[in-house]
Amino acid sequence: MRMADRAAVITGLGAFTPPRVVTNDELAQRIDSSDEWIRTRTGIEQRHYVQEGVSTSDLAAESGRRALKNAGMDTVGFVVVATSSPDRICPATAPTVASKIGLVDVPAMDVAAVCSGFMYALQTGVGVIMGGVADSVLVIASETPSLFLDDDRNAVIFGDGSGAVVLRAGERTDPGAVLAWDGGSDGSLADMITVRGIGSEHRAHKRALTADDLSFRMQGKTVFPHAVRRMVESSQAALKKTGWSTADIDTFVGHQANKRINEAVAELLEIPKERAVINIQNVGNTSSASIPLALVESMCDGLLNTGDRVLLTAFGGGATWASATLVWPELKMPEMYDQPTEEHGK
């Protein structure tokens, strides 16, 4: 095909959560909270945590394997991993993930955009294909925020998990082609969602690290209005680029940050509740992994079907935000994300 006709098409989907389920009641014993308070404020009922010795790359490798299997492929030409909880500051996590999957000599890189990470990694994969760098890309979002939490109210929000899609070179008219993308950032909001003490900034000021510096911090009340505004505006921009209105949307999948945020975004976009996917009650906020996890659950539950016009949107630390549109392709039914595997036990 001509380069001008190339598009990136989703051809495989996979996701994975670690076996350990942490209920609200379990967390309420550690912090000053309750199951009722957590459900009312966040919509979350449970989340998954990694067991000792399991890292972000382990989750990423499993969801990547599942996406490749779903696509009927055993290799790709490029790997992109979105994470804000990398295995190490150096080196990047993506080469480790590629090695664990068995992808030899394949270019692999990380993308860091916190909860918008999957959307940024998706567009990176689109760019790789559109530019003719590779004909296939494995895009993975993987997070282990539980390892960066202490016993404050943020502990009730987050869960661990990973999701992935396989992109192939195709044409814009192919179902599954990413039709439009919109994104932005505002670095003046860096302190709104942060882990301060791991990077160079702290060391540059030669201050001793404290436990607080190494833990996740979020200004929840500040996040809410920014998230709603940016997700709505970005969604509208992506729809305009596609030539769609909100009435055209069959399935709306927003980053699963908080049930009330997603409901507010859907309401402002005038998308009916039955078309808005919400699965935060089962997995919590899994940061960049939330959208692919929601896609898998939606397919398994019959809420996302071939031919659906889909709108994806996210907001995260940075601050960052992004949205994309596509027509959902015909895929093999993926494994449910909490289905155990031989590698991770039952």
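Predicted model: local features only at pLDDT ≥ 70, side-chain atom pairs only at ≥ 80, totals over all residues.
**The largest pocket**

Begin by selecting Ser84, Ser85, Pro86, Val114 and Val195, which lie nearest the centre of the largest pocket. Its volume is about 860 Å³, and 35 residues line it.

Next, colour strand S5 (108-111), strand S9 (193-194) and helix H6 (200-204); each of these elements supplies at least two residues of the lining of the largest pocket. If the lining is then coloured by residue class, the largest pocket shows 18 nonpolar, ten polar and seven charged residues.

Now display domain 1 (3-177) and domain 2 (179-328) in separate colours. The largest pocket lies between these domains, because both give residues to its lining.

**The second largest pocket**

Move to the second largest pocket, which has a volume of about 520 Å³. Select Ile157, Met218, Gly220, Lys221 and Asn258: of the 26 residues that line this pocket, these are the closest to its centre.

The elements to show here are helix H2 (35-42), helix H7 (220-242), helix H8 (259-268) and strand S13 (309-316), each giving two or more residues to the lining of the second largest pocket. Which element provides the largest share of that lining? Helix H7 does, with six residues.

Colouring by class gives 14 nonpolar, eight polar and four charged residues in the lining of the second largest pocket.

Conventions: Residues numbered from 1 in each chain as written. Heavy atoms only, no water. 1 Å grid on protein atoms, 1.4 Å probe; cavity = no way out; pocket = protein on both sides within 12 Å on 5 of 7 lines; lining within 4 Å. Points joined across faces, edges and corners; volume = space filled by probe spheres on them. Helix = DSSP H or I, 4+ residues; strand = E, 2+ residues; numbered from the N terminus. Nonpolar A, V, L, I, M, F, W, Y, C, P; charged D, E, K, R; others polar. Domains from an automatic or database assignment.
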